[in-house]
Every structure is written in C-alpha cells, then in structure tokens.
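Please read them beside the sequence and the coordinates.

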Amino acid sequence: MKRYRLREQMNGVAEPPGKVWFWELEAGVIGAGRCIQCGTCVAVCPSNSIGIDEGTNLPELVKMCTGCSLCWDFCPRGGLRYEALWPPSTQARDEDAEIHPAQSRADSSDTYFSVSGGPPADGFGAVVESYAVRASAEIGDVQDGGAVSALLVGLLAAGEIDGALVSKPSTDPDERWKGIATIATTADEVRAASGSFYNQTMALAELDLAPYGLPPKPRIAVVGTPCEVQGLRAMQARRWPTGAHRVEAVVLTIALMCTKNFDYRALTLRELRDKRGVDLDRVSKMDVIRGRLIVEYRDGELAVDEPVKDFHGAALKGCDECADFLGRSADISVGSVGSMSGWTSVLVRTERGRLAFQAARSRLDVRGLDDPAALLRLDALDKKIAERNLQRKLDPDAPLFIDFEEHVRAYSGSDRQPVVIRR
Ligand SMILES: Cc1cc2nc3c(=O)[nH]c(=O)nc-3n(C[C@H](O)[C@H](O)[C@H](O)COP(=O)(O)OP(=O)(O)OC[C@H]3O[C@@H](n4cnc5c(N)ncnc54)[C@H](O)[C@@H]3O)c2cc1C
Ligand code: SF4
Ligand code: SF4
C-alpha cells in the first residue's frame, strides 16, 4: 500500500493546522529529484512509516503518516538546509569584510556546530589532528590507504565498537558494483565491504539494528557521505521518541569526503555497462579523481578514463546543492585528495575521533598530509557550486555554474595518481 491520505479525507476529523506531512517531503525533495538517498527520513520517523522503494531506492510511505514533520525537519534537502544558515559568501573576502563581517559560531555546545561542524569560513572546520594514513597490513580491496577499514578492524578488536555501518557489494548478478548498506560486526565483514561505491545506499535506514543480533546497548561506528553524517548529527543533537532506528547507538562517525554521488542505474548500468560496454564482472576498481572517472579491470586494462562531466546526467541532482565536501560534522573525515596514492587523508575532528584513532593506531602507518591545500581547493569549489545553485533558486535567471574544468584545476598541484588495487 503506497498512499495514505489526510485523516479528514478518511474519517472527516479535521487536522490541526501547521502539520508537515511526508507528501510535502515527497513533493519538495523526492519528486523534485533532489533526494540524496541518505536515509535520514527513514531513521527519524517515530512511527516507522517510511520505507525504501526497491525499484528507485527512494523513500516511500509504507504506513500512515502522522504529520509529525520530522522527516522534513531533518532532511538535508528539506528542513535541514544548513547551507541556508551560512552567510551567502562562505569565504571571507577582504573587500566586503566590513559589510559582511565573518560569522563565527565556534561553541561546540551549539546545535548549529554539532550539525555542521562549525562555520564554513573555518577552512577545514574543527580539526585536532591530520594525517596521511595507510593500513600497516594487507586488509583487502581498499580504495586508498585502507585507513577506514583498518580503523574499524582495530576498533572491533579493541572492543570499542560492536559493529560498523558500511557498504558491501551487492551479490545480485544484476547489481554488480552496487553498494548496499550493512552493519559489519566482524573483521572479515569489514574487509569484504572495503573500497568506494559510487552510489548512495539510504545508509541511515540500516540503523534498525534488530536483524544483527547485537548486544542490548550496541556501540556502532557509521561510515558515510557527509550528508549522511549531517542527518545523523542532527538527529543526535535533537532527541525525540525514536522508532526502530537506533540513532543513540552511534558512537563514532567517519565521513567520506564527497563532491557528488550517483544513481546506481544511471551510472553503472546505463553509462558504464550499456553505453560504454564495460564488463562489470571484470572491474577491479572505480575512482573519481582529478576530475576524471576511472574504471579499471583486474588485468590492469583501463576500461574508462573520462572527464567526470561526461557523467553529470547520472549524478544525483541534490548533490549540486551540497557544500560539505570535507564532512565537517564527522568525528573523522577521510579522502583521497591531499595525500599520495596508496594513502588516505585523515582529518581527526573531535576528542571521540582522536580516542578512536589512538585505539587502532597500532594497525596504521601514519605521516603528515602531502598536500592539505588540495583539500581546501576542492572544498572551495564545492561551496562555489552550491552557492551558485542557491542563488539560482532565488533568481532562476542567474547563470548556472558548472565549470568542470575547475575540478581539474582544483586538483592541480597534487602529485596524486590513480592507483590500481585488484579485486
Ligand atoms: C561517493 C563517494 C565519493 C567520494 N568522493 C571523494 C572525493 O571527491 N575526494 C576525495 O578525496 N575522496 C572522495 N571519496 C572518499 C574516497 O573514495 C575513500 O572512500 C576514502 O579516501 C577512504 O579510503 P580508504 O582506503 O581509507 O577506505 P577503505 O578502507 O577502502 O574503506 C572505505 C569504506 O567506505 C565505505 N563505503 C564505500 N562506499 C560507500 C558509500 N557509497 N556510502 C557509504 N559508505 C561507503 C566502505 O564500506 C568502507 O567501509 C569518495 C567516496 C565515495 C563513496
Ligand atoms: S534526502 Fe535523505 S532525508 Fe531527504 S528525502 Fe532523501 S533520503 Fe529522505
Ligand atoms: S555530494 Fe554531498 S549530498 Fe551528494 S552524496 Fe556527497 S555529501 Fe551527499
């Protein structure tokens, strides 16, 4: 059953004014093509009324909506428009510093800070330590240095967490190279979920932990894109009677730095398999790096090496509005940019992140970041695009900003090369 209408249409009882319903989220975000498939609305719904449409991987109503408004309030593309809280220009410019003095809200007890990780003019946001990191021992088919997988394996071994929300490859032969959200509870499960999947997984919906046989008060690490971490942080900052989803169980958040993500069918099936003839069974690695999408086969052959702008039609449109490349609200942010190939750039942002990093330290090779400025360049570009898109919402005649060559320039100066790690 997919549609439930207003109570007054069912039984004539009038609705109190001011309610916000799921179908308003449906109209403003999902139907408008702006959903970034984070799963926050599923996790936040106290009556478990929101599920996931298997065909589209988008939220859908599965039970009656009570009009509590929470799905709208916490949706990063709905009520949780953190960009709207930021000053229109996020970079302090000398010429208008007097007219628009930089806003500073650096109090970590502030909900705004908890959700956004601090004001955007802060450069990296809150950072207590930063490193280039790689797993000190072979760990699997990792994306960069394997820092994330090694960290999770170390935290499981040290008894610091009971599981980690990660993305594993689908075993469906019709869904090759599709990431599926799962809770990994063993080192083998963490290893099997290593590497990057260029699709959103509705990750936070997986926080219904009932199927996983975890202890009564489980401690979970969440690995996700910055928007997923935003949704989670917002839910943790403002408590409400929860449904099935155990938001309070999350003790650590790791954000994968991200400028855009894709629709699985549009990118992997339509663009790669159907249009370019990519044999998905032979693929060892996909990467978006230096403004290019690179797909490699296990035998080392390059299957695809094209500007990522060629795949813009397969990207999630909601990503154009996102200005949080660096994952400011996470305990730890990780990315490929800023360090040599075979290493992961790691920004440790909170005390909780620092303690987690220390607990797994013996499994990590650690040195300084190679090119921290490269992270700031890409972050500035990401914000510029989001800002331009926000301006277009206010003035539809404003020019559309999609200068993809700037992506390439944003990476220039980094000596990072694509790295082939075989599956
Ligand atoms: C969609 C996407 C876009 C990215 N864009 C950039 C970028 O523009 N610049 C940059 O520097 N870095 C980017 N990254 C991060 C980068 O690809 C690596 O994930 C990061 O450097 C960590 O590498 P690692 O070897 O330490 O991770 P690994 O040890 O390989 O572990 C990666 C972890 O991420 C989880 N994961 C993979 N895909 C997803 C997903 N879609 N959603 C949630 N969790 C997932 C895996 O399950 C695993 O636990 C992106 C990642 C993703 C998924
Ligand atoms: S963006 Fe996230 S919270 Fe908003 S509708 Fe999509 S899945 Fe739900
Ligand atoms: S670009 Fe932003 S909105 Fe899109 S998946 Fe990445 S973090 Fe989420």
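**Notes on the ligand shells and the sheet**

1. The shell around ligand 3 is made up of 7 nonpolar, 5 polar and 2 charged residues. Here Ala, Val, Leu, Ile, Met, Phe, Trp, Tyr, Cys and Pro count as nonpolar, Asp, Glu, Lys and Arg as charged, and the others, Gly among them, as polar. Of its 14 residues, Cys-227, Cys-258, Asn-261, Cys-319 and Cys-322 come nearest; a residue is near if its C-beta atom, placed from the backbone, lies within 6 Å.

2. This is a predicted model, in which local features need pLDDT of at least 70 and side-chain atom pairs count only at pLDDT 80 or more, while totals for chains, interfaces and linings use all residues. Residues are numbered from 1 along each chain as its sequence is written, and chains are lettered from A and ligands numbered from 1 in the order in which they are written.

3. Around ligand 1 there are 34 residues, with Val-142, Val-148, Ser-149, Val-166 and Gly-335 nearest. H7, S4, S6 and S11 each give two or more residues to this shell (helices are DSSP runs of H or I, at least four residues, and strands of E, at least two, numbered from the N terminus). The largest share, 3 residues, comes from H7. By class, the shell has 15 nonpolar, 18 polar and 1 charged residues.

4. Strands S7 (residues 250–256) and S11 (residues 332–335) run parallel and are joined by 3 bridges. Leu-256 has Val-334 in S11 as its bridge partner.

Definitions and conventions:
Two strands pair if DSSP finds at least two bridges between them.
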